[in-house]
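Have the structure open as you read.

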Amino acid sequence: MLKQYKPTSWLSLLLAAGLALSAASGQVNAETTNKGLEIAKERKARDKGWGDSESTSQMILRNAQGDQSIREMRIQALEVQGDGDKGLTIFDEPRDVKGSAFLNFSHINEPDDQWLYLPALKRVKRIASRNKSGPFMGSEFAYEDLASFEVEKYTYQYLRDETVNGELCWVIESIPTDKYSGYSKQISWIDQSEYRVQKIEFYDRKQALLKTLTFADYKLYLNKYWRAHTMTMTNHQTGKSTDMIAKEINFKVGLSDTDFNQNSLRRAR
Amino acid sequence: MKKIVNTLFAFASLNYLPISQAVEYEYLGSIGAQARYFTQETQDPEQTEQQFSLYAEPEVYFQWNDGNDSLTFKPFARLDSADDERTHFDIRELFWLHVQDDWELRVGINKVFWGVTETLHLVDIVNQTDAIEAFDGEEKLGQPMVQFSMYKDWGYLDLFILPYFRERTYAGREGRLRGPFLIDTDNPVYESDKEERHIDFAANWRNSYDFLDVSLNVFKGTSREPNFIPKLVNGVPTGEIVPFYPQITQFGAVMQYVSEAWLWKMEAINRTGDLIDDFNALVGGFEYTMVGINDSSTDLGWVVEYAYDERDASQVATQNDLSVAARIALNDIDSTEVLIGLSHDLEFTDSRAMFIEANTRVGKSSKLILDMWLFNGDDPQDISSQFKNEDFIQVSYEWYF
């Protein structure tokens, strides 16, 4: 953390002005909405330009009885300007799904395109776009929890300041704009020092608290991009949990658009 | 990551090749054991009522040149307690792959899959069906081929040269799921005098337009699906039948439309040939998935498909059939899935089949699989009636490494 990244001063001014205004007038809702949106925009802006990456990850799935099961995978990702990112996930463990691969094109304003490659049948299967709220590999992560963060996917409301994981955070309520999201809302804790997400609470469609995701072991890449190496998702309704552990992340490994199509999905190893 | 850089092959140490010449290799596969029990009396007293088998499908993979060149070798073998034909060996894959920018070349034995539907694979013609391996046509034999693939902004194009033909496998004298007639696979008859050495050609184009996937393909060569002729010895029928493989030209079209929870699917073919009755056939329907039913993590998917074929029921089982299946995915740690379904003939309304396929993971890397098929219908005009006595339940245990 030699090079601290400071929030742009105009934003602080705007936020301060917003706070002052909201205290003084009846426009509380508009101001807190604006503040929430500005924080989301700055969060996205700070993550711009990472290009492409390759990571090796492990998921540890636990049920309420404490039994656990391990998933291992490699994820290739490509940043797409003006739209959601592209991702190719190759599964290594458990061994019976070894060689299966998942291709995802995230989109901002329309459903994601998703394909699954089944090596035993040598078949690429398109996945119906509605399944974003379904579990990823039997874990507590839904597909939509792993999609790239895009500002336009939510409407925002700033709630309060609160300290989490030793970091002073903005607490933001985000309401998904997609009617097929599995959530009615998310509450996010975003730290004020680096705009990193520290915690997210997910509320189900009946407004009940469903899951909590906590972020830990943040590491700084290319002097600019923060990545959490441990993400823990706990389901409060079932007692199940999943740790997503990034063992290794490499940026700018030279991936391009041609590495993210149905042919590359077929030969993914 | 299981890939191991093999330093023996890392010629970099020899100082005349760059480091990217390192060869990486991977070793994986599965070993299985299977028991099958047939609940009804056999049509031929020589046929077995139960069978046990062991099978293995290891795979070795080498890559070099930064992964732009690779070699895959995947043999398969099964040892069966009752059926000599089901005891068989096949090279599922043995091919070299070269990748270059927007094109790929594969040379060797390999498998390709064409199509989108679940209950019937009409357009999928490149590989021969390993019918003795799996009753539902999902298993294929390795096909010798040269495959050239390219990806452009107008779509994906695959061109194939298929220099050698593989005969369809069938149950032997003691085996089951063969109907009353024994198929003599040792004496097939071909239209081409080059027999299995006839060189076949195929091409497949496919592209996606937002929510619509389209594919068109053509195949010219030896039909993968045989017709049957009575076996004669000195002009006298022996009671056995012999497969006859005609020369055909087949055009195929595939469409799939994605809309929220729906996948709409269609496959159609037109098959012509000098020694066959030309025909068209179609299969189409939808897959509708309900995610997280009753606030659980269970998904319920409905598969509904209708199949039509201009040939009549004495030649093909899917001449006018409706299939409905439910796929239940528990999305649990053990990835438990159950597929339960019914195929119903709309013409011979007594003719139907019920099936259950279920599987779950056991421990870290094993799978327990249950298959069950029940058949009904005994109109002799319907080819499906050959299976009327073939109800079976099958349990498999597979270990992956």
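## Ground rules

Helices (H or I, at least four residues) and strands (E, at least two) are DSSP runs, numbered from the N terminus. This is a predicted model, where local features need pLDDT of at least 70, side-chain atom pairs count only at pLDDT 80 or more, and totals for chains, interfaces and linings use all residues. Residues are numbered from 1 along each chain as its sequence is written, chains are lettered from A and ligands numbered from 1 in the order in which they are written, and side-chain values use heavy atoms, with hydrogens and water left out.

## Backbone details

Most residues other than glycine have a negative phi, and most peptide bonds are trans. In chain A, the loop between β3 (86–93) and β4 (101–105) holds Pro94(A), and the peptide bond that joins Glu93(A) to Pro94(A) is cis, with omega near 0°.

Over in chain B, look at the loop between β12 (227–233) and β13 (236–245), where Asn234(B) sits. Asn234(B) is not a glycine, yet its phi is positive, about 55°.

## Where the chains meet

With contact meaning heavy atoms within 4.5 Å, chain B contributes 55 residues and chain A 44 residues. The buried area (accessible area, 1.4 Å probe, lost on putting two parts together, summed over both) is about 4,200 Å², with carbon and sulfur atoms giving 48%.

The interface has 12 salt bridges, and in the one between Glu118(B) and Lys125(A) the closest N and O atoms are 3.3 Å apart. Elements giving two or more residues to the chain B side include β2 (24–38), β3 (50–64) and β5 (88–100) of chain B. The largest share, 4 residues, comes from β5(B).

## The second largest pocket

A pocket is an open set of points on a 1 Å grid over the protein atoms alone, where a 1.4 Å probe fits, with protein on both sides within 12 Å along at least five of seven lines; lining residues have an atom within 4 Å of a point. Of the 27 residues lining the second largest pocket, Ser133(A), Leu210(A), Asp295(B), Ser296(B) and Ser297(B) lie nearest its centre.

Notes. Salt bridge = Lys/Arg side-chain N within 4 Å of Asp/Glu carboxyl O.
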